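Visitor: I have a chain on my screen and some questions about its fold. Could you take me through it?

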Amino acid sequence: MEEAERVELTVDAVAPGGHCVARVDGQVVFVRHALPGERVVAEVTELHRGFARADAVEIVEASPDRVAPPCPYARPGGCGGCDLQHVAPAAQLDWKTAVVREQLSRLGGLTDAEIDVLRVTVAPLPGGPLGWRSRVRYAVDATGRAGLLKHRSHEVVPIDRCLIAHPAIQALPVLGRNWPAADAVATVASTGGDVVVTALADGTPTPVDLPGGPATADLSGAPGGPAAGDTPATVREVAAGRDWTLPAGGFWQVHPAAADTLVDAVLDLLDPRPGESVWDLYGGAGLFAAALAARVGPDARVTVVESAAEGVAAARRNLADLSRVEVVAARVETALARRRITGPVDLVVLDPPRTGAGAAVVRDMIAANPRAIAYVACDPAAFARDVRTFGRAGWRLATLRGYDLFPMTQHVELVGLFLPPAR
């Protein structure tokens, strides 16, 4: 097998990363733009020791779950932002469920029976599979054209519209014009109604002036906004019954319904009681801390741990009215190991980055003897590895919910409830 070679093959099960698995002469091939059970002609895009990557460029026998991608750029050699536009929306949920199950088995060490008990499913969010992405970062190529990146590449694909972008972002005059001094253009359409465009050059953000609003903005300046030195733009988000003021480039869930969906899941699983103490680890702006503080009451202790300076500042600003909420500026592993925060604690929310919490954090966290831990995960593989660590300590994954926060892509969000050994 050689790079750019075309081979006909039968596609097997789904795999993490938006691929399906196939085999050619005993060699594993990870195939994009395919569906399980299909017979396709695949073009080899990468060769590695023990496996290859390929794109399905011709469908010989199609799956009944195959649909025409709504976006013309969602194709082999096109934009790499969407992995599953060729999959019917309901089948996308099944795809993600299958990936979660496989990771829990292979990396989490759970048996099929244990996974069956969890009844893992991935639920859609309101609004449908298009027009949901409230934050889009466009790359800019050497000629100044804005677009999105090819899969596993730094090559920019110029586009005229991104269909998963929020309608307010689609309406912006960002695409189809020249950005000669920018490396990237970041756009935000917040749940509070703010629309912000920021040009980035050598890592320096410059807010773009939109005096006439998204439809009539004047972006004639290069790279397209005010002079350097302007203060960073902020946006208002609405979630958990509160208003949040955040830097436009700060972290916030990209699906408009995601923040409330995750908060509702965490509250439901933890069932907080008045007076209980809470840790919100990797707490960001304090979304979960605020929701839990409202449940445990004004006399209960709630601690947010966040390492990013931007997140710490946002949490302290947005939670200033909650006198019993403390924001600790530290890495979670450092705060636990060096006893910047100390137990006992009743409830923990764990919302780590894509790499997961890791064994040291899990061990130090459960040593504080909480009655329950809600784990919010954006990567099934990292989550499954932590499931194994919990299991070795005698803790069990009692409930697991999946949410399709990122339709048309391979990504899935999980919220799991971990309980300690019976006391």
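Guide: First, a term: the radius of gyration is taken over C-alpha atoms, and the globule rule is 2.2 Å times the number of residues to the power 0.38. This is a predicted model, in which local features need pLDDT of at least 70, side-chain atom pairs count only at pLDDT 80 or more, and totals for chains, interfaces and linings use all residues. Residues are numbered from 1 along each chain as its sequence is written, and side-chain values use heavy atoms, with hydrogens and water left out.

Visitor: What radius of gyration does the chain have, against that of a compact globule?
Guide: The chain has 423 residues. For that length, a compact globule would have a radius near 22 Å. The chain agrees with this, at 23 Å.

Visitor: What percentage of the residues count as buried?
Guide: Buried means under 20% relative accessible area, exposed over 50%, and partly exposed in between (1.4 Å probe, protein chains only). The total covers the 423 residues of the chain. The buried share is 52%.

Visitor: How many helices and strands does the chain have?
Guide: Both are DSSP runs, numbered from the N terminus: helices are H or I over at least four residues, strands are E over at least two. By that count the chain has nine helices and 22 strands.

Visitor: Which strands stand at the edges of the eight-stranded sheet?
Guide: Two strands pair if DSSP finds at least two bridges between them. The sheet is open and mixed, in the order β7-β21-β22-β20-β19-β16-β17-β18. Each edge strand has a single partner, so one side of it is left without a neighbour in the sheet. Those strands are β7 (122-124) and β18 (325-329).

Visitor: At what angle to β19 does helix α8 run?
Guide: Axes are lines fitted to C-alpha atoms, for helices over the stretch in contact (heavy atoms within 4.5 Å). Angles run from 0 to 180 degrees between N-to-C directions. Helix α8 (residues 359-366) lies across β16 (278-281), β19 and β20. Its angle to β19 is about 165°.

Visitor: Which residues of β17 point one way, and which the other?
Guide: In a regular strand the side chains alternate between the two faces of the sheet. Strand β17 (residues 302-306) has five of its five residues buried. One way point Val302, Val304 and Glu306; the other way point Thr303 and Val305.

Visitor: In β17, what is the bridge partner of Trp279?
Guide: Four bridges join β16 to β17, and these strands run parallel. The partner of Trp279 is Thr303.

Visitor: How many residues of α5 are buried, and which are they?
Guide: Helix α5 (residues 287-296) is mostly covered, with eight of its ten residues buried. Just after α5, Gly297 takes a positive phi of about 95°. The buried set is Leu287, Phe288, Ala289, Ala290, Ala291, Leu292, Ala293 and Val296.

Visitor: In the six-stranded sheet, what stands opposite Ala22?
Guide: That sheet is open and mixed, in the order β1-β5-β6-β4-β3-β2. Its edge strands are β1 (6-10) and β2 (14-15). Strands β3 (residues 19-24) and β4 (residues 27-32) pair in the antiparallel sense over five bridges.

Visitor: Is Arg339 buried or exposed?
Guide: Arg339 lies in the loop between α7 (332-337) and β19. Phi of Arg339 is positive, near 60°. At 59% relative accessibility, Arg339 counts as exposed.

Visitor: Where is the cis peptide bond of Pro344?
Guide: Most residues other than glycine have a negative phi, and most peptide bonds are trans. Pro344 lies in the loop between α7 and β19. The bond is cis, with omega near 0°, and runs from Gly343 to Pro344.
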